[in-house]
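Subject: Handover of a structure for your review

Dear colleague,

Please find the structure below, together with its sequence.

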Amino acid sequence: MSDINLTSKAPGGPMALRWTTHKNAMKLVAPNNRRKFEIIVVGTGLAGASAAASLAEMGYQVKAFCFQDSPRRAHSIAAQGGINAAKNYCNDGDSIDRLFVDTIKGGDYRAREANVYRLAEISVKIIDHCVAQGVPFAREYGGLLANRSFGGAQVSRTFYARGQTGQQLLLGAYGALERQVDSGRLRMFPRREMLDLVVADGVARGIVTRNLITGEFEVHTGHAVLLATGGYGNVFFLSTNAKGCNVTASWRAHRRGALFANPCFTQIHPTCVPVKGSYQSKLTLMSESLRNDGRVWVPKNPGDKRRPEDIPESDRDYYLERRYPSYGNLVPRDVASRAAKLMCDQGFGVGPSGLAVYLDFRDAIKRDGESTIRAKYGNLFHMYRKITDDDPYHVPMMIYPAVHYTMGGLWVDYNLESTIPGLFVLGEANFSDHGANRLGASALMQGLADGYFVIPYTVAPHLAGRKLPDINADHPACREALESAEARVKKLLSINGERTVDSFHRELGLLVWDKCGMARNDAGLRQARQRIQELREEFWSNVRVPGSGGSFNQSLEKAGRVADFLEFAELMVRDALERRESCGGHFREEFQTEDNEAKRDDDTYGYAAAWQFQGGNKDEILHKEPLEFEVAKPTQRSYK
Amino acid sequence: MSGNLNLTLKVWRQKDAKSAGRFETYKVADISTDMSFLEMLDVLNEQLQNEGKEPVAFDHDCREGICGSCGLMINGHAHGPDRATTTCQLHMRRFHDGETIVIEPWRAKPFPVIRDLVVDRSAFDRIIQRGGYVSVNTGNAPEANSTPVPQPNQMTAMDAAACIGCGACVASCKNASAMLFVGAKVSQYAVLPQGRPERERRVLRMVAQMDEEGFGACTNTLECEAACPAGVKVSNIQRLNREYLRALFLGTGPEPSAED
């Protein structure tokens, strides 16, 4: 298994021409041949739905799968703030080059340059397409599109639909997908969970699913498999992800040979509602867009018990504005999160737990009036009030960082193809575009870029260039995958131990949050690794999964996902141990500058770490894709 | 501010679509008023599993009020007693110590029960398949700012597009009417220039599918608006009726297709 060759397949030449050059050189599938190919799409968020719809429009036969009851409910729907595009509608100096550089720099120079340039280039087409779909983006009085600012940028390039941008973009893609169902070219399979990947003669040719209503196992075969199954943030149990988000599809593909890249790169979002009690089931994000108008502060005196509105200006520390005057409250997420943690660690935190800082709208309301603020953020304020019973129009919000997004994912080349031929990975599930930290409003951009404008081109060379003999469920590879998925479910149901699935998940989550969260160090990571192994062992001997396999069984669904998180978590910790530098969301306490900023080591760690599964309890093997920066030369990242 | 509640829960249990259902009574103790309603059900489910029983099945995912997965009848109200609130955003501070809470699934013929509190809402997807989109293929869109949209139209479209597809409108309507759901989608595209080319075809096809699924008619009791967690207004039903009549009058019926 040492024949791994991590070539990106990105073409050379001038950066601005690479995507065009690549498209022009690619093999095509003629329209009358497309109907002969069947493409499997797993996951129906922005990346999956847009890919499924676009491929079916072109004439391919598509089968799409999601675990939710409807493709419209994928977690992309919860994205609030917006989507970036280099339209320069604000005449403030934006350009494709600038969006590219901002994204590379925001990612702390750990992303692949050619991919990021392509993303910036495609961004403008996404807006055109979504507007044509009838997505109700915010507009100015003159009827043209409005923009706002987001973290890590000094231009306004973020398009938005109130605080529900993800919802509106997803409903656009979902409508397009359902239109293809109507056309007969797309078959939708909701309430299906992918439990394994079928790799036949070295090529991804199908998946094994479980019907979550009846419990039946199914084998679906095709000519290509696209995973658009999101990130692994729920390994932390508490995150802003939806409860169902999981790593199972990616992890099963990893076990079948797809390399997993940079799993230690997780994004901790700075503005979330703080944790309240041990019963808590999830954390809620308050959109980064709030930092356009909200000011972040803590009291200057540790332990100041006065109500925030009673603390005078002279006793407040607007620490982001103080430390980063040129970006102020709009520093990137990793920087803002670390700064909040630092203030709280030093005793300046507020709220019952001391693990919170204020996000204050007093000045914005005074300046613009309550109705303007309501029009911009009304739904977010409403949501905050529902959760906390506090009214942010009158008292500052309390916020604290929480796990939000994962930059790591399955390794893909420039065609979004993994190390298993025929297996493509889109959206958050892949690793390629955000490096070690994603900028706000870039996830929607990447999901839709991959689905609408990259995969329709890059799947063709696979379909046209490889021999793909007919395959059906009787193929030995299908039978083997099916049997192993069935055996695993049977095993989970037969343990009949003492602990619930959730109790394992909570313990795992707390452990990785503590040791592999906002700050990591060598000793803590080693302890975590040891404990994860023990916990995994206990899980397989002491978990209790009630009910049967032949029916709707949510405990069983969760058990399979937690079992995979217990394997994945060890790799995440291992990757964090191996990367002895700080960059983006990966902060190793041993490697920081004098003023507590992340200290990169480009010479030693200027690579994407891609891990290869070895089976059983054997250590995974690390492969490295060196990252070369021809245009955006790495510098010490500064937002001061 | 915080306090703890002891509650009696009467929960609908039903093995599957074919079996008969019944209420089961459970006690939960020491429930924090800061918990969400679904977190309270999580506590119940941990308790049931530790007693060796099967947990109560209910749909949920984002738990922040936007995915539309969750939906329970709580004391006879869709999504519970709060206005403009999904079940997942309902918090236990809304309840009193010692209270009995009755928890049921959505009850409507087009939404058959799958298990316990989980229902099948795929009828909504089939309605969307008949026209809940603008028929534009990827790749041929004009420049985004080439078609200005008056801000009031955009606001109206956004108000309608805020629908999360949870089905509370249907569950709260005595006729199990889906006209708020359909009206919201029809309205979004009726007021936008991008939706104009398919205006008549869309409304006729979506209404035909709505009828075929077995949803009832609107008799203006406005329960749907009261129950809607996304604040979708019944003015969308009025617009749906106008659009439908207009399309009938203009006579641009559905094109013949295999299904027709």
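In chain A, strand E3 and strand E5 (residues 156–159) are joined by two bridges in the antiparallel sense. Strands here are DSSP runs of E with at least two residues, helices are runs of H or I with at least four residues, and both are numbered from the N terminus. Two strands are taken to pair if DSSP finds at least two bridges between them.

As to provenance, this is a predicted model, in which local features need pLDDT of at least 70 and side-chain atom pairs count only at pLDDT 80 or more, while totals for chains, interfaces and linings use all residues. Residues are numbered from 1 along each chain as its sequence is written, and chains are lettered from A and ligands numbered from 1 in the order in which they are written.

Sheets of chain A

The pair E3 and E5 belongs to an open sheet of three strands with antiparallel pairing, in the order E3-E5-E4 (chain A). Its edges are strand E3 (83–84) and strand E4 (148–149) of chain A, each of which pairs on one side only. Within this sheet, A:Ile83 has A:Phe159 of E5(A) as its bridge partner.

A further open sheet in chain A has five strands, ordered E12-E16-E15-E13-E14, and its pairing is antiparallel. Strand E12 (266–272) and strand E14 (316–317) of chain A form the edges, each pairing on one side only. Five bridges link E12(A) to strand E16 (residues 397–406) of chain A in the antiparallel sense; in E16(A), A:Ala402 is the bridge partner of A:His269.

Contact between chains A and B

Residues are in contact if their C-beta atoms, placed from the backbone, lie within 7 Å. The contact involves 62 residues from chain A and 67 residues from chain B. On the side of chain A that touches chain B, H6(A) gives the most, with nine residues. By class, this side of chain A has 22 nonpolar, 23 polar and 17 charged residues. Ala, Val, Leu, Ile, Met, Phe, Trp, Tyr, Cys and Pro count as nonpolar, Asp, Glu, Lys and Arg as charged, and the others, Gly among them, as polar.

Domains of chain B

Chain B is assigned domain 1 (4–115) and domain 2 (122–250), with bounds from an automatic or database domain assignment. Their centres, taken over C-alpha atoms, are separated by 29 Å. In the contact between them, 17 residues of domain 1 of chain B meet 16 residues of domain 2 of chain B.

Yours sincerely

Notes: Contact = placed C-beta atoms within 7 Å.
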